[in-house]
Amino acid sequence: MFQVPNPLFDLAGIMCGQFGIPFWKFFLATLVGKAIIKTHIQTVFIISVCNNQLLDWIENELIWVLSSLIPGFDSYLPTLTEKLHAVKEKYLAAPHPVPSNVKEKWDFSFASIWNTIVWLMLMNFFVKIVNATAQDHLKKQQDKQLAKKVSASRH
């Protein structure tokens, strides 16, 4: 399944790490936002799009509200509903089969470029973590050796 990347979420996570937001605070906020709020919004959207009776009811209610609130909307209503119905039919129509012998081209979309940037940032972060850990370990070893030499020179 194709997942649309959310660069703002990636940026928010990076900025929270940069500014020292505690992990559990960020994790719990993310869990509430994604698991509770986002899931329910997506569920309601999918149910309303896939349920023709509910979709027709929503359409009729929107038409009634918009035509009563916006003067002159009634003149644009037939062409607008016709276009919306065409989009709906196109969306609900079965996709055309794609032959398996067709080779895919490189997709240089914003999503692939963003994913590459995020991967490079993650790799850089990983290298920095390994480097910092190695330097810390080396410093501890050098401090131990220095402490031994200092204590040996005092005796």
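This is a predicted model: local features need pLDDT of at least 70, side-chain atom pairs count only at pLDDT 80 or more; totals for chains, interfaces and linings use all residues.
D143 forms a salt bridge with K139, and their closest N and O atoms are 3.2 Å apart. Both D143 and K139 sit in helix 5, four residues apart, or about one turn of the helix.

How many salt bridges does a search of the whole structure find? It finds two. K140 forms a salt bridge with D136, with the closest N and O atoms 3.7 Å apart. K140 and D136 are four residues apart in helix 5, which covers residues 110-154, so about one helical turn separates them. D136 has 38% relative accessibility and therefore counts as partly exposed.

## The annotated transmembrane stretch

UniProt, in an unreviewed entry, puts the feature "transmembrane region" at residues 108-130. In the model, the chain over residues 108-130 is 91% helix and 0% strand. The end C-alpha atoms of that stretch are 31 Å apart.

A search of the whole structure turns up three aromatic pairs. Take F23 and F27: their ring centres are 5.7 Å apart and their planes meet at 20°, so this pair is stacked. The cut-off behind that call is an angle under 30 degrees. F23 and F27 both lie in helix 2, residues 23-50, and being four residues apart they are about one turn of the helix from each other. Is F23 buried or exposed? With 51% relative accessibility, F23 counts as exposed. F27, on the other hand, is partly exposed, with a relative accessible area of 36%.

F27 also pairs with W24, and that aromatic pair is edge-to-face, at 5.6 Å centre to centre and 90° between the planes. W24 and F27 are three residues apart in helix 2, so they too are separated by about one helical turn. W24 has 58% relative accessibility, so it counts as exposed. Put together, ring pairs link F23, W24 and F27 into a cluster.

Over in helix 4, residues 73-92, we find T81. T81 is buried because its relative accessible area is 17%, and buried means under 20%. Which residues is T81 in contact with, leaving aside its neighbours within four places in sequence? The answer is E59 and I63.

Terms used: Residues are numbered from 1 along each chain as its sequence is written. Side-chain values use heavy atoms; hydrogens and water are left out. A salt bridge is a side-chain nitrogen of Lys or Arg within 4 Å of a carboxyl oxygen of Asp or Glu. Helices (H or I, at least four residues) and strands (E, at least two) are DSSP runs, numbered from the N terminus. Buried means under 20% relative accessible area, exposed over 50%, partly exposed in between (1.4 Å probe, protein chains only). UniProt positions are given in the numbering used here, feature names are shortened, and annotations may be inferred rather than shown by experiment. Contact means heavy atoms within 4.5 Å. Rings of Phe, Tyr and Trp (its six-membered ring) pair if their centres lie within 6.5 Å; planes under 30 degrees apart count as stacked, over 60 as edge-to-face and the rest as tilted.
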